[in-house]
Amino acid sequence: MRVLIVTRFFPPSSVANARRPFLLAKALGRRGHDVVVATAGDRPGVEAAGPGVRVVRVADPVMVWRQRWGRRRLVRTLVHRLWPDEAVLWVMAARRWIRAGAEDRELGVVYVHPVSALLLPACRTPAVPWVVDYLESVSPFRRAVPHEYLPHRWLGRWVEAFERKALRRTRGAVFTSRANLQAVVSLGWIHPERATYIPFACEPIPGANEPFRTASTLVMAHLGYFNRDRSPEALLKGLAEFLRRVPRARGRIRLDLFGNGLGPFAPLPEKLGLGDAVAVLGEREYGEIVHRFVDAHLLVLVASPTHNLFYPSKLAEYLAARRPILALVPPASEAHEVLRASGRDRWVRAYDAPPAEVADCLMEAWSEFEAGRLGFPLPEWRPALFEEHVDRWVAVLEAARAGRPFPDDGGAVPAAAPTI
C-alpha cells in the first residue's frame, strides 16, 4: 500500500500523541509498504525515518510565529483562542500541500487529536481516501464536558456538523476507546462496519524485566496532567492519611509527577503537610519518562468519570513497564477492565475513593516494600505492545482501501456504556 499519514505530532516531538502514528509508520514500512508522513515543523523539509518511511515537515504558522515573537502576550492570546484549536492553520497548510501535488496515495490516515484534523476529510481533500484514527473523543465528550471558553461553546454545533461530514466522507474510523466508538455509532455518524477499535500500545520498555529495589525510598511515578476535570485530591489525601498512620515512612516515600505537575491543585501538598513526599518534575522526553517508570516501585493512574470516552494513552506504557499500579478510576470504565484483564487490579479504587481506602493500598505496598518484595516485574501483558496489533492494522487499512467492511475486532476488552 501507498499510505499517507497526517499527524501534527511526530518524533522528535515528546507529545504523547506522537507515539501512535510513529509506531504505525514504522511497522508499515518494515512490512514493505510505502509510507509518507506529513507532520508539523518550524520550516519545510523532508527526511527519512526508517525503511519505507519518509517524513515531510509542513511548516506550522503557529510555530513560526512563536519563533518570531516568542512569548508576547497578544500572540499567545490569539493562538489559544483559535477555533477549534491552534492547529487549524497547520491543517490548512497540510491540505494545501496535498492539493499542490503530493504523491498519489492509495489511502490516508489522519490523526485526531487535534480536532482540526477532521477538516481534511470534511473538506474533501483531493485524491486521498481517508481513515480517521481517533486519539481522543471530540463532540461526544464536549456534550458531556462543555468548553470553558464561551465562544468555543457557541461553535460546538458547527464542530459537530463538520465531524459528521468528515465521517460520512471517510472510508472508516479507528477508535482508541471502545466507549467512544459506541458513542459515535449510537449517534448515527458512522456505520458499525466502518468503525473498529485498536487500543493504544507501545514498544517494549528496556529494563522492564529487571527488578527495581532500593532500601531507602519507595518511589511512585505518575504521568499526566490535572485540571478541572481530573483532580489529584483523592490520591494526595490518601498519601497524607498513610503518612499519619505510618510516621516512619515520612522521608522514605516519594511521588514523582511528570507532566504539568498538579496544575490548579499546586498548593494542595503544602496544605496536607506532605512536604518533600511529592516531587513535581515537569515535562520530560519520552525516553526518560519510560525509564523512570521501570525505576519506580509503583505507578499511579488517575482517571476521572468525565473521561469515560477516553482510554488513557499512558496505560500501555504502565503495563509494558511491568510494575504494580495504584489506580483511582471509575469502577465501570475501560481502564478498570484492562487493569483487571492484565492482572494489575490489586490496588484499584474509585476515582473519588475516601482517603482511608487509598491509604489501605499504600499500607499494603509499604509492607511489601519493607519486606523487599516490591519492585519485581509483573508478568508481561502482550496486548500492551504495538507489535500485537500490526496485523490488525494492516487488515483494517486494506479493507478501507478496497472499500470493504472492517474486520471484526476479535473481542477487544469491553467498556462501560458511554454517557453522552
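Threonine 217 sits in the loop that runs between strand E8 (195-197) and strand E9 (218-224), where strands (E, at least two residues) and helices (H or I, at least four) are DSSP runs numbered from the N terminus. The model is a predicted one, in which local features need pLDDT of at least 70 and side-chain atom pairs count only at pLDDT 80 or more, while totals for chains, interfaces and linings use all residues. Residues are numbered from 1 along each chain as its sequence is written, and side-chain values use heavy atoms, with hydrogens and water left out.

Threonine 217 counts as buried because its relative accessibility is 16%; buried means under 20% relative accessible area, exposed over 50%, and partly exposed in between, with a 1.4 Å probe and protein chains only. Leaving aside residues up to four places away in sequence, threonine 217 touches Gly251, Arg252, Ile253, Arg254, His297 and Phe369, a contact being heavy atoms within 4.5 Å.

Phe369 also belongs to one aromatic cluster, together with Phe242 and Trp366. The structure holds eight aromatic pairs, and rings of Phe, Tyr and Trp (its six-membered ring) pair if their centres lie within 6.5 Å, with planes under 30 degrees apart counted as stacked, over 60 as edge-to-face and the rest as tilted. Among them is the edge-to-face pair of phenylalanine 141 and phenylalanine 310, at 4.9 Å centre to centre and 85° between the planes. Phenylalanine 141 belongs to helix H6 (residues 139-144) and phenylalanine 310 to the loop between strand E12 (298-302) and helix H13 (314-321), so this pair ties together parts that are 169 residues apart in sequence. Phenylalanine 141 is buried at 6% relative accessibility, and phenylalanine 310 is buried at 18%.

Phenylalanine 293 and tyrosine 318 are also edge-to-face, because their ring centres are 5.1 Å apart and their planes stand at 90°. Since phenylalanine 293 lies in helix H12 (residues 286-294) and tyrosine 318 in helix H13, the pair ties together parts 25 residues apart in sequence.

Arginine 20 lies over the face of phenylalanine 200, at 5.5 Å from the ring centre; a charge sits over a ring if NZ of Lys or CZ of Arg is within 6 Å of the ring centre and within 35 degrees of the ring normal.
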